[in-house]
Amino acid sequence: MSGTWMRTVASLLAPALAGLGLLAPAAQGQITSPEKHFGFQLGSDRKIARWDKIVSYFGLLEKEGGGKLKVVNMGPTTMGNPFLLVIISSPDNLARLERLREVNGRISDPRGLAEQQVRKLIGEGKAVICQSMSLHASEIGGTQMAPELAYDLLSRRDEETARILDNVIFLMAPSFNPDGAIMVSDWYQKTLGTEYEGANLPWLYHQYAGHDNNRDAFQTNLVESKYMAQILFREWIPQAYVDHHHMGPYGARIYIPPYAEPIRPLADPLVWREMSWYGGHIAYKEEEAGQSGVINMAQYSGWGHFGFHWITPFHNIAGMLTESASAKLATPLFVHPQQLRGGTRGLPAYEAQTTFPNPWPGGWWKLRDIVERQKISAWAVLDLAARNRETVLWNAYQKARRQTERGAESKPAAYVIPSTQHDPLTAIKLINKLLLQGIEVQQAPKGFTTTGGMTYPAGAWVVSLAQPKMGLIRYLLGRTLYPDNEWTRARDGSPMRPYDMATDTMFEFMGVRVDPADDPPPGELRKLTAAVEAVGKVAPGVSGYVLDGRLNDSFRAVNLLLDKDAAVRRIDRAGGGLRAGDFVIQGGSEAILAGIARQTGVDFAALKGDIQPGSHEVKRQRVGMYQRYWGGNMDEGWTRLLLEQFGFPYTSLMDAEIKRGSLNDKYDLIILPDDSTARITGERAATGRSGGERSAEFIPPEEAYPPEYRSGLGNEGVNALKAFVQKGGTLVTLGGASNFAIEKLSLSLRNVAANKSSKEFWCPGSTLRVKFDSANPLAYGMPAEGLALYLGGSPAFEITPSEHNERYEVIVRYADRDLLESGRLVGEDTLAKKAGMIAAKYDKGRVILIGFRAQHRAQTHGTFKLLFNALIR
Ligand SMILES: [Zn+2]
């Protein structure tokens with residue numbers, strides 16, 4: 001824990017608090033109640049406490065709490081709001097927090113310690129429990145509950161509370177998404193008293209990610225994810241973690257741990273037992289308090305996406321979630337008994353059962369009901385850990401030791417990541433993402449040969465499995481097959497949808513070569529102690545430079561060069577050491593180039609010879625990207641993030657501008673992010689889902705949004721886009737938006753994945769083998785073969801016979817057979833040999849259709865270039 005990490009929020013807030021007269025010393029033991037600070041009981045009907053007011057309350061508790069509460073400002077969120085970590089424990093514990101953090105770190109990674117030493121550390125250590133609130137900002141209960149939970153811990157004077165403070169270090173993120181919390185509370189205020197009171201936010205509740213922010217835990221693209229990864233995966237390895245969510249309004253009132261079947265193997269089994277243990281105590285405490293509608297071991301299966309609560313078990317943390325039935329934000333919802341239903345995983349009917357002994361009878365459902373149930377569950381986890389401090393810490397040691405031993409005995413024993421890669425800078429990004437997970441990575445200073453006969457030059461990175469996070473490493477760096485068994489098939493044999501993706505194989509998404517090695521590599525290995533920094537070099541004393549077209553970061557460098565009006569050319573004809581797709585610049589200030597090389601990691605190599613005949617000048621396209629309401633489009637948000645990361649300028653295009661037409665005046669290229677045709681046009685959608693595989697979130701009917709937020713291009717917009725392409729514009733359609741182009745522009749293409757039963761064809765979030773036509777400018781810099789991420793609902797293309805077959809070019813096609821690399825695939829014949837990406841000439845312009853997810857959640861680095869190539873000419 002660095003000094004800057006420990007800077008408290010009090011100093012930040014001091015001027016504001018002084019202005020309000022809040023810095024006057026409080027009377028001995030007097031702690032301002034939430035009611036007094038906020039002016040109402042948290043969770044009251046039609047009231048939401050705003051984030052700034054919550055931040056100031058925690059500042060106040062830090063002052064008044066007698067040393068039991070510390071506020072750490074982790075730094076600014078995406079939109080510049082404070083991201084808080086609130087630490088609650090006894091004054092003694094907080095006074096030696098850094099020592100207790102060290103002790104916890106040793107127990108969580110006991111390599112090199114004798115059991116006696118561990119026992120001594122356990123004697124000194126405290127149970128560390130982390131809970132985070134309202135990651136999904138529309139799920140407001142957690143953030144509204146957090147101040148009251150803190151107040152209770154500080155003000156209650158009973159034995160139970162004292163035991164928690166003495167034995168537990170409670171790490172609380174009162175909002176995992178402060179920007180979203182502010183958006184939602186402001187939106188609620190705006191709709192209060194209108195016909196649309198309690199409606200969902202019409203746009204994403206995070207600048208980039210919206211609901212997908214929980215899918216970022218393993219790639220940490222967002223700053224909020226980075227803060228939580230710092231807390232959970234590196235600085236503290238808590239023994240338990242609970243993330244508090246909401247679910248749909250017509251089933252159980254609150255889901256609590258453990259998860260339903262199937263679970264994802266390769267975590268230490270203790271972690272699953274711990275979840276049942278905590279869950280049992282939560283369930284018991286809820287029933288003791290007379291709370292109805294509590295369900296466990298249902299609905300949420302143990303094999304989910306690698307979001308925060310589902311990735312933590314592989315960090316040896318009992319990673320859990322609660323899910324409360326939603327109201328209409330803070331407005332009560334009336335639910336008729338006949339509207340209550342089961343039919344979900346583990347709850348076949350809405351009737352009493354062992355895991356649901358006390359069904360809620362229906363009636364008014366209020367935010368306060370959510371706050372109370374969540375507070376009991378949060379408290380129960382703290383209570384159990386406090387009562388069993390030594391067991392909890394002993395388990396932490398056991399999990400870490402046994403996972404390390406399993407890894408040492410396993411085959412593979414390690415993963416080797418060669419430093420020579422198709423795109424070595426992306427390999428470095430992979431290494432740095434592993435480090436953010438707290439995974440130990442080593443590097444070989446000399447070349448070596450494995451027992452399997454693979455030879456690697458110096459600089460190869462090695463990730464040994466003999467470390468506590470063995471299970472996590474296996475899923476991020478090893479081929480993964482989603483189970484096909486009784487838990488993943490319905491009674492009629494049809495496959496059941498996983499919660500999200502069927503694989504989280506980060507190296508495959510990123511297009512990085514990772515080799516399993518049966519035995520630990522021989523020779524010296526050095527542990528990385530800091531992120532790997534790639535610093536590009538500029539060849540001295542030459543007047544022309546080459547940038548490797550295989551590097552994603554070359555596009556960033558080219559964008560920086562174009563920002564400075566540099567002339568950049570692209571090689572079309574290979575030869576003389578140049579590949580088709582390489583970038584070339586002639587002249588330019590060496591200082592500027594050195595700056596760009598440093599910033600991007602890209603080398604500016606010396607250019608030899610004349611390149612003019614086989615090259616063309618790179619022209620920046622004027623890019624527009626369609627943005628809509630209906631709660632926003634996550635794929636649009638992530639694509640915006642990606643474009644910004646790589647320096648592509650773009651303009652967000654809303655309905656009105658598209659409908660006005662004359663799009664060619666301002667744009668050369670328009671991107672339609674993944675979406676259903678109905679959502680793009682605004683025709684009433686049969687389902688509220690976009691093209692991708694999504695979780696079963698409650699999506700309100702269209703009428704729930706005020707009319708000005710019911711977007712859609714209508715016929716006018718469709719015709720304007722058509723005219724744009726006819727006059728020479730380029731339309732890029734991502735994922736499901738390709739169906740829009742096929743239908744509305746009458747392309748001679750058929751989506752072969754449409755209208756198939758799940759028994760015939762099924763492929764939820766999996767990596768599939770494809771071939772890239774790297775001679776085509778749209779696939780410049782790509783290898784001949786690789787992987788594409790396919791999501792349920794992704795279109796795949798067959799070119800239907802027409803008078804003008806020549807207008808269609810296949811850029812990416814699926815392999816002939818054995819398509820599946822990781823995930824799950826039923827019925828590969830549907831996709832085999834079909835096109836995954838097509839470029840279609842259309843009058844003077846063209847349409848580029850990318851059916852699979854080339855830029856999914858800004859995670860699929862291996863196929864980013866397919867989009868990037870389209871964005872420059
Ligand atoms: Zn949620």
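**Confidence.** pLDDT is the predictor's confidence in each residue, from 0 to 100. I am working with a predicted model, so I looked this up before anything else. The protein's mean pLDDT is 94. I noted that 94% of its residues reach 70 or more. Residues 1–27 stay under 50. For that stretch the model has 39 contacts beyond four places in sequence. Residues 686–699 also stay under 50, with 42 such contacts.

**Sheet.** I traced an open sheet of 8 strands. Its order reads E1-E2-E4-E3-E5-E8-E6-E7, with mixed pairing. From one strand to the next, the twist averages 20°.

I then checked the pair E3 (residues 127–133) and E4 (residues 168–173). These strands run parallel and are joined by 6 bridges. Ser-132 has Ala-173 in E4 as its bridge partner. Helix H10 (residues 223–235) packs on the sheet, touching E1, E2, E3, E4 and E5. The direction of H10 makes about 140° with that of E1.

**Tyr-188.** I found Tyr-188 in helix H9 (residues 178–191). Is Tyr-188 buried or exposed? Its relative accessible area is 0%, so Tyr-188 is buried. Beyond its neighbours within four places in sequence, I listed its contacts; among them are Arg-46, Ile-48, Glu-197, Lys-328 and Thr-331. I also looked up Pro-110, 78 residues from Tyr-188 in sequence. The two lie 49 Å apart in space, C-alpha to C-alpha.

Conventions
Residues are numbered from 1 along each chain as its sequence is written. This is a predicted model: local features need pLDDT of at least 70, side-chain atom pairs count only at pLDDT 80 or more; totals for chains, interfaces and linings use all residues. Side-chain values use heavy atoms; hydrogens and water are left out. Two strands pair if DSSP finds at least two bridges between them. Helices (H or I, at least four residues) and strands (E, at least two) are DSSP runs, numbered from the N terminus. Axes are lines fitted to C-alpha atoms, for helices over the stretch in contact, and angles run from 0 to 180 degrees between N-to-C directions. Contact means heavy atoms within 4.5 Å. Buried means under 20% relative accessible area, exposed over 50%, partly exposed in between (1.4 Å probe, protein chains only).
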